Amino acid sequence: MNNETTSLKEAMKRVDHRLQALEAQFKELDFTKDSLTQRFEQHSKALASQAAQDELWTAVLAPKFTPMELNILYSYVIEVLFCLHTRVLEKLPDLVRGLPTLASVLRRKVKNQRIRVVWESVLEECGLQEGDITALCTFFIAHGNKAEHYGAKVRRMYIRDVAFLITNMVNNQALRDGLLRAVQVIEKGKAVRAPEEQKSSLKELIPSVRN
């Protein structure tokens, strides 16, 4: 009887050990599955982001703007970018030397929470979103080497309804929204007007080559 009891206990222990081993294997499989799922999601997001960037670049280069139209749109874009950079520096006076360009703001905000919070508040004040900035920076990089900055008086002299031009010429929604909001910011008088003598510094706000 004792031998049977001992044998039963040993069998139960073996079964218990086996169940524990199976449980560990299942946990490992679940972890592997979760890891693969996470990697797949990250890869999918990366592909989607790359596709959106490619589509945006295509959209920026697609419209056949006249030189005058291109210069006027470029002027709105560069004034908004200048405005954003200026407002960030106003809120972070102790970081003026460390943030000489808008590119430095965009780069450092990723790891610096203080800069990121200020950047987000400036965007909110101007009624802009991150997607708008991506579109405007892409436009700036694509056309900054050949376009010229025109002041408000010159812009009004040649084109009275810039929003109509953008709506009819730009099909990509992200680019269209970004340009329309840029015009809205400037026309509302919220953006800092860039004097003619600052044109050279405006062109240095962000890199002029595509990464």
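User: Is arginine 114 buried, partly exposed or exposed?

Analyst: In this predicted model, arginine 114 is partly exposed, with a relative accessible area of 41%.

User: What does arginine 114 form a salt bridge with?

Analyst: The partner is aspartate 94, and the closest N and O atoms are 2.9 Å apart. Because arginine 114 lies in helix H4 and aspartate 94 in the loop between H2 and H3, the pair ties together parts that are 20 residues apart in sequence. Aspartate 94 counts as exposed, at 52% relative accessibility.

User: And what caps the N-terminal end of H4?

Analyst: Asparagine 112 does, with a side-chain oxygen 3.0 Å from the backbone nitrogen of arginine 114. Glycine 127, whose phi is positive, near 75 degrees, follows H4.

User: Which residues of H4 are buried?

Analyst: Ile115, Val118, Trp119, Val122, Leu123 and Cys126 are buried in H4. They cover an arc of only 140 degrees around the axis, so they sit on the same side of H4. Residues three or four places apart in an α-helix point the same way, because there are 3.6 residues a turn. Gln113 and Glu124 are exposed on the other side of H4.

User: What do the buried residues of H4 pack against?

Analyst: They pack against H2, helix H3 (102–108), helix H5 (130–143) and helix H8 (173–187).

User: Switching to salt bridges: how many does the structure hold?

Analyst: There are six salt bridges. One of them joins the side chains of lysine 91 and glutamate 125 at 2.9 Å, N to O. This pair links distant parts of the chain, 34 residues apart, with lysine 91 in helix H2 and glutamate 125 in helix H4.

User: What about arginine 181, which residue does it form a salt bridge with?

Analyst: Arginine 181 forms a salt bridge with aspartate 132, the closest N and O atoms being 2.7 Å apart. Since arginine 181 lies in helix H8 and aspartate 132 in helix H5, the pair ties together parts 49 residues apart in sequence. Arginine 181 is partly exposed at 24% relative accessible area, whereas aspartate 132 counts as buried at 2%. Elsewhere, salt bridges that share partners join Arg87, Lys91 and Glu125 into one network.

User: Glutamate 79, then: buried or exposed?

Analyst: Glutamate 79 is buried, with a relative accessible area of 2%. Its place is in helix H2 (residues 67–91), and a polar contact of 2.9 Å joins its side chain to that of arginine 155.

User: Last one: how many helices and strands overall?

Analyst: The protein has nine helices and zero strands. Of its 211 residues, 36% are buried.

Key: Residues are numbered from 1 along each chain as its sequence is written. This is a predicted model: local features need pLDDT of at least 70, side-chain atom pairs count only at pLDDT 80 or more; totals for chains, interfaces and linings use all residues. Side-chain values use heavy atoms; hydrogens and water are left out. Helices (H or I, at least four residues) and strands (E, at least two) are DSSP runs, numbered from the N terminus. Buried means under 20% relative accessible area, exposed over 50%, partly exposed in between (1.4 Å probe, protein chains only). A polar contact is a pair of N or O atoms within 3.5 Å; within protein, one must be able to donate a hydrogen and the other to accept it, and residues adjacent in sequence count only if both atoms are side-chain atoms. The arc is that of the directions from the helix axis to the C-beta atoms. Contact means heavy atoms within 4.5 Å. A salt bridge is a side-chain nitrogen of Lys or Arg within 4 Å of a carboxyl oxygen of Asp or Glu.
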